[in-house]
Amino acid sequence: HKLFSNKNTPTIKCVIVQGDTTSGTAIAHSAFHHKIPVAHIEAGLRTGRKYSPFPEEINRSIISRLATFHFAPTKEAYSNLIKENINKESIFLVGNTIADAVTHFQLPDKTYRNYILITLHRRENWGIKMTKMLTEINQCAENYPKTEFKFIYHPNSKELITEILKSENISILPPQNYKTFIHLIAECRFLITDSGGIQEEAMCLGKILMICRDTTERPEVISNHYGKLVKTDILDNFEWFYDNYQSQHKNKSSIYGSNVSCKIVSILQEHLSK
């Protein structure tokens, strides 16, 4: 509110929003009402299914209708925007800023410690699905007592998590700062998650992951064999991931490019100075 209503605020040339959050959508909408150009970072991700992921699929579609600049992370995302009749001259294939974020921390060469890193939080997984997945994770932990299971909880499901995850080799951790979290990914055996961004981070760090969703807006993760969509079937897929965690990828993926943030800044400077 202060950003757009304070008369003493300098003229805003552009508002940058990243991703597909509801807050990002609201900011883009507000900028649009003030006729301020919107630059959308990570534009063009789609599953084509309104409620998967929910509400992100619709959020990013709305932002695409409001944005002036569309910064697509991959060729697939670029193609999605073209199919939606977004002006080609407003779309820029730049890569993904997640590559910059991971590179920033100058992580050591890929290592594998004996723990599984887990996050589960999506709204479409609340209820019966979440209970099933947590029960299966607890069973996996009991089946592999010498392996640690690090579960980073989301505030929306902490109570259920502590109720179901009882195995002694499960560590229930609070949300981590980004630097710590990136290090946890870099050193884990593999991941179990329903997150979107973590798929990108794992790929940049050369780690495979079990994706507990019906769909993914990041098909490159699947086609490059970094992840597998397992829905809620963690127990059935666990053994394969446990045995094959190291044989899949010897190198970190470079599919998301490099110096992405610099490219975005350069493009905005060029176009906004006209």
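**Reading burial, strands, a pocket and salt bridges**

Q: How do I read burial, and is arginine 213 buried or exposed?
A: Arginine 213 counts as buried, at 2% relative accessibility. The labels go like this: buried is under 20% relative accessible area, exposed is over 50%, and partly exposed is in between, using a 1.4 Å probe and protein chains only. Before we go on, this is a predicted model, so local features need pLDDT of at least 70 and side-chain atom pairs count only at pLDDT 80 or more, while totals for chains, interfaces and linings use all residues. Residues are numbered from 1 along each chain as its sequence is written, and side-chain values use heavy atoms, leaving out hydrogens and water.

Q: Which residue does glutamate 217 form a salt bridge with?
A: Side chains of opposite charge can pair when their charged atoms come close. The cut-off here is a side-chain nitrogen of Lys or Arg within 4 Å of a carboxyl oxygen of Asp or Glu. Glutamate 217 pairs with arginine 213, with the closest N and O atoms 2.6 Å apart. Glutamate 217 is buried at 4% relative accessibility. Through shared partners, salt bridges tie Asp20, Glu42, Glu57, Arg60, Glu200, Arg213, Glu217 and Arg218 into one network.

Q: How many salt bridges are there by this rule?
A: The count is 15. One of them brings together the side chains of arginine 113 and glutamate 187, at 3.1 Å from N to O. Those two sit 74 residues apart in the chain, with arginine 113 in the loop between H5 and E5 and glutamate 187 in helix H8. Arginine 113 is partly exposed at 47% relative accessible area, and glutamate 187 is partly exposed at 22%.

Q: How do I read a strand, and which residues of E5 are on each side?
A: Helices (H or I, at least four residues) and strands (E, at least two) are DSSP runs, numbered from the N terminus. In a regular strand the side chains alternate between the two faces of the sheet. In E5, Tyr115, Leu117 and Thr119 take one side and Ile116 and Ile118 the other, and all are buried.

Q: Which strands pair with E5?
A: Two strands pair if DSSP finds at least two bridges between them. E5 runs parallel to E6 (residues 148-152), joined by 4 bridges. Getting from E5 to E6, the chain passes through helix H6 (residues 128-143) in a right-handed β-α-β crossover, meaning that with the strands pointing away from you, the path from the first strand over the helix to the second runs clockwise. E5 pairs with E8 (residues 190-193) over 4 parallel bridges. There, isoleucine 116 has phenylalanine 190 as its bridge partner.

Q: What lines the largest pocket?
A: On a 1 Å grid over the protein atoms alone, a pocket is an open set of points with protein on both sides within 12 Å along at least five of seven lines, and lining residues have an atom within 4 Å of a point. In this model 35 residues line the largest pocket, and His121, Arg122, Ser195, Gly196 and Gly197 lie nearest its centre. Helices H5 (97-104), H8 (178-187) and H9 (197-204) each give two or more residues to that lining, and H9 gives the most, with 4.

Key
1 Å grid on protein atoms, 1.4 Å probe; cavity = no way out; pocket = protein on both sides within 12 Å on 5 of 7 lines; lining within 4 Å.
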